[in-house]
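Please look at the sequence and structure first.

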Amino acid sequence: LPRLLLPAAAPSGCFCNSHRALVRRPVAAATAAAYSSSSTAAADAPAGPPVSVTVIDKSGKEHQVSGQSGENLLRLLQRYELPVEGACEASLACCTCHVYVDAPDSADLSSVTEAEEDMLDMAPFLRENSRLSCQIVLAAGLDGMRVTLPQATRNFYVDGHVPKPH
Amino acid sequence: ATTPLDPRVLDAMLPYCTGLFGNPHSRSHAYGWETETAVEKARAQVAQLIGADPKEIVFTSGATESNNIAIKGVARFYKSRKRHLITSQTEHKCVLDSCRALESEGFEVTYLPVKPSGLLDLASLESAIRPDTALVSVMTVNNEIGVRQPVEKIGALCRSRGVFFHTDAAQAVGKMPIDVNAACIDLMSISGHKLYGPKGVGAIYVRRRPRVRLEPLQSGGGQERGMRSGTVPSFLAVGLGAACQLAGQEMAFDAERVDRLSQRLIDRIVSQLSHVVVNGDRDSCYPGCVNLSFACVEGESLLMALKDVALSSGSACTSASLEPSYVLRAIGADEDLAHSSIRFGIGRFTTEAEVDYTVDLCVRQVRRLRELSPLWEMVQEGVDLKSIQWTQH
């Protein structure tokens, strides 16, 4: 009998994604909280106050997502299956998780490091309020933050294909 | 207009035209690695000449492209907040044309006038800066009259007002010491063929701390930090790097020699001819670019008479136009004097014999043309040319 082999839980949350693929359960906002405990991303800190974020995708549609203080923004967006790539898996080696933040000068937003600026340089459609979402850690003061996804990343496919998170 | 390749630059370039032909962006094999190493070495050589970090140097096809990238790129990136640019009336055509293109995109540009010496008036710059000014662009050395602008003071002023400062340093780099940090320069254009390097290559310096962002003009694979896509021409980049390294080495010797030859040229001409105007400030200038106006001599005839020598009236990029130089107009030169102005260029390979030959030829021809000139006759008789009422027949 073929045994259903589940891949070992890996720290970057890919267990969560492949688990989802096997179980075929769509992620809804209500169940996202259940996922956050199973996602063992090193950047996720357990049980911080909830932080809600509004994400505007490239068609202009708004999505409400809710994460926890201490959680990595990229991982939050990916949990909600929003079309954000993270080619280097949040290791600050690419620019595919590029987003625009509405309040770039907010004190609660971690300031940009030179390494992040270097990676941002290579992102297409760069703007003054561009950030790499994998470098943004949610904090209580960021509750209500609005984040916009750019038209395309450096990996852009003209047929609209967006690579799935690793 | 240009300079010959220094033979040592050619030596550095040749291997990269033949055996070492790899694409420097090929990541997976030795052809790419060896060329990438050479391009990065060239980048460091360019950076060292201007006191920059190698990561701040982007290779382009020349100073024209660099100027376009700097002006259009910065303006378009910050366009949501900043809609104003400032430049001078004596800039190179590509700077003025880029500004004009931006004006048709809805930007406002202030073209600052210059003093009769050709130098910018800092007070006028200060009063022109607005809260929505994105960029100030002032060239370091003017290509027609050789005037050197006070870039250190301009940079300090712009830094204090939070405005980016771009300078077209094509005629200055390699000929005089430039430090982008001491002068608070945020963007700088460099041209290969002005410092005994190859034509078809240049660079733009883009400051990283604090970061200057720009919208790239050229879309593509994201080479050169995303600012200038396209395969970097490795043999040209190597040439530019070698030229910069040599320029740093030879700068003091060249500067003294060029200054001496320039002085010789001017002194000998002025001592043998009267009614000669030296255009542009001679204290704050690059001595290798001398612009002289000969009164009562028709400019094109003089140029034709001096065919043996590579001279120009106005710069190469405007020499085909029939109007007198806008640079001379900006410094307040009379239109008739502007028509009879000649630019003499002295460089690393100019010999004393060549200077003497040029002086003799120039003096002889000016005298000959003045003999033929009715205006000259009137000036000799003491008639004030401005008082003449010319009639139409």
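## Basis of the report

This is a predicted model, in which local features need pLDDT of at least 70 and side-chain atom pairs count only at pLDDT 80 or more, while totals for chains, interfaces and linings use all residues. Residues are numbered from 1 along each chain as its sequence is written, chains are lettered from A and ligands numbered from 1 in written order, and side-chain values use heavy atoms, without hydrogens and water.

## Helix 3 of chain B

Helix 3 of chain B has 15 residues and reaches 20 Å from its first C-alpha to its last, close to the expected 21 Å (1.5 Å times one less than the number of residues). Of these 15 residues, 13 are buried, that is, under 20% relative accessible area with a 1.4 Å probe, counting protein chains only.

## Helix 3 with helix 4

The axes of helix 3 (residues 63-77) and helix 4 (residues 93-103) of chain B come within 9 Å and cross at roughly 30°. The two helices are therefore roughly parallel (angles under 35 degrees). The contact (heavy atoms within 4.5 Å) includes Ile71(B) of helix 3 and Leu102(B) of helix 4.

## Helix 2 with helix 7

The axes of helix 2 (residues 30-50) and helix 7 (residues 234-272) of chain B come within 8 Å and cross at roughly 35°. Among the residues that meet are Ala38(B) and Val46(B) in helix 2, and Gly241(B) and Met251(B) in helix 7.

Note on methods: Axes are lines fitted to C-alpha atoms, for helices over the stretch in contact, and angles run from 0 to 180 degrees between N-to-C directions. Helices (H or I, at least four residues) and strands (E, at least two) are DSSP runs, numbered from the N terminus. Angles under 35 degrees count as roughly parallel, over 145 as roughly antiparallel, 65 to 115 as roughly perpendicular and the rest as oblique. Buried means under 20% relative accessible area, exposed over 50%, partly exposed in between (1.4 Å probe, protein chains only).
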